[in-house]
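Take a moment to look over the model before reading on. We will visit two surfaces in turn.

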Protein chains: 2
Amino acid sequence: MKDRDSGEQPATSRVAGVAEVLGRRIAEGRYPPDSTLPTEPELADALGVGRNAVREAVKMLAGKGLLRTSRRAGTIVQPHAEWNLLDPDLLSWSLGSPQARERLLDELMDLRWMIEPEVAAKAARRATTVQCLRMWEAFEAMERERDDPVASIDADILFHRRLFEAADSRLLLSVFTAFSVLLRVNFATANEHDNAFVSNLEEHKAVLEAVQRRDADGAAAAMRKLLTNNRADIERVRAQSRGEMAQV
Amino acid sequence: MKDRDSGEQPATSRVAGVAEVLGRRIAEGRYPPDSTLPTEPELADALGVGRNAVREAVKMLAGKGLLRTSRRAGTIVQPHAEWNLLDPDLLSWSLGSPQARERLLDELMDLRWMIEPEVAAKAARRATTVQCLRMWEAFEAMERERDDPVASIDADILFHRRLFEAADSRLLLSVFTAFSVLLRVNFATANEHDNAFVSNLEEHKAVLEAVQRRDADGAAAAMRKLLTNNRADIERVRAQSRGEMAQV
DNA sequence: AGGCATTTGTGCGTATGTATT
DNA sequence: GAATACATACGCACAAATGCC
């Protein structure tokens, strides 16, 4: 959404657009914590929408912990600690600045190391046959779409999601959906490294086979191997891009 | 907030109240997924508020993934998969039904086992002296308030939060705030077991000391011990309450 | 300490889009 | 396929509260 729309029909709803604009500005620090936003009428005018749209967008952001409103004082940006970073919207808005992006990817990696091996083990213990089937479907999609960057990443994410579903925990599944947007960036980065996807496929297959033979420890180990290689790919790509930066 | 307020001043803001009422109803299944809510004027009338309050509350809930609005079709409840269960508000609304409560506590336990030992290790590696001090403060509050059920639990939660803060990951901190509402229920249950709190204090102290001497493995081990005993306390309380149920 | 300017809160009338008939 | 009814989307006007002078 532009700062001022000029007659084009809204592909997305108005409040969603306003929420995204404000959310991005807050995430990138243009409105820093403890500062007050422009007044609602000002924002409405600046964005070319009615005040109600602004109010509803503000309420959405307040629900995500980004804002707090009080009379007379205005709309105040909350400190970072109050933000619900596990909200997919907020997460995607936060990926704007490159340094925040890099840091979030590191933190994602830590979180994956804590959770995914255990999830694989859990899946090995509890997966139903139909859940195994669904995971094989996702794996086959990864193989089939290996040359399409977007589709292969979609399939990859779907694979991990199915694994979480097999672990049979709504809480864990919510954690996954929260960081799946980060996962997409992670995969996109890792796949810049050539040949990464081939070994990646092997590792996914190993996890899946361990799950199917109900080998919890084996599934966890296979997942750790997958994560190790993923981390290595990321490191390699980063080193490479830093090298290119230095050349220029 | 009652279904109809009768003149008392709003302790909480109006839209927050409406959002909570609707959120609870959705969480407890009174408005099941794919069903449509009553129309905005109906809701506004039924709740004794203006349409704008309803609209802003709906936008809040939509931001949490519970609702989707479209013209003419009305306000539709999203399927569970779309819900952002890691939102603290939604989590607390979901604790209404006892079976959901028990299941969420089990899932919380699994998640803690995956995350907290690693967080303790991370804290041991990265905690600054002032962060250590903050953790000691929280620990001392636990000791001081050991006879006050509410205050001791607050201090306990604060202790764990400070540990997460020391681990220095915004992502992990968000995970913590998400499940801290579950943690409260967990602690409240565990403390029904007499004498639980005494050993609990010892275990917290052990974690803290390991962190302070930068012993990552020791901190993780101490945290695992803490979690083991916490799980045992929960099990004991559950067995006890089931026994009482059987007696009656 | 008290009035006042300013900002969010609240409620309703109108516009717009969409599924149904 | 076009008219129509219905529900959300939108914008304005007024109320209330609260920080500042």
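How much area is buried between chain B and chain A, and what part of it do carbon and sulfur atoms give? About 3400 Å² is buried, and carbon and sulfur atoms give 62% of that area. Buried area is the accessible area (1.4 Å probe) that two parts lose on being put together, summed over both. In chain B, the residues that lose the most area to chain A are B:Met114, B:Arg170 and B:Leu171, together 22% of what that side buries.

A word on the model itself. This is a predicted model, in which local features need pLDDT of at least 70, side-chain atom pairs count only at pLDDT 80 or more, and totals for chains, interfaces and linings use all residues. Residues are numbered from 1 along each chain as its sequence is written, chains are lettered from A and ligands numbered from 1 in the order in which they are written, and side-chain values use heavy atoms, with hydrogens and water left out.

Back to the two chains. Chain B brings 39 residues to the contact and chain A brings 37; contact means heavy atoms within 4.5 Å. Between the chains there are 8 salt bridges. A salt bridge is a side-chain nitrogen of Lys or Arg within 4 Å of a carboxyl oxygen of Asp or Glu. One salt bridge joins A:Arg103 and B:Asp168, at 3.4 Å from N to O.

Which element of chain B gives the largest share of the side that touches chain A? α5(B) does, with 10 residues. By class, this side of chain B has 19 nonpolar, 7 polar and 13 charged residues. Here Ala, Val, Leu, Ile, Met, Phe, Trp, Tyr, Cys and Pro count as nonpolar, Asp, Glu, Lys and Arg as charged, and the others, Gly among them, as polar.

A residue is near a strand if one of its heavy atoms lies within 4 Å of it. Sugar and phosphate make up 75% of the atoms of DNA strand D that come within 4 Å of the protein.

Some side chains can be picked out. An N or O atom in the side chain of B:Arg55 is 3.3 Å from a phosphate oxygen of DNA strand D. The surface near DNA strand D has 1 nonpolar, 8 polar and 10 charged residues.

Methods: A polar contact is a pair of N or O atoms within 3.5 Å; within protein, one must be able to donate a hydrogen and the other to accept it, and residues adjacent in sequence count only if both atoms are side-chain atoms. Helices (H or I, at least four residues) and strands (E, at least two) are DSSP runs, numbered from the N terminus.
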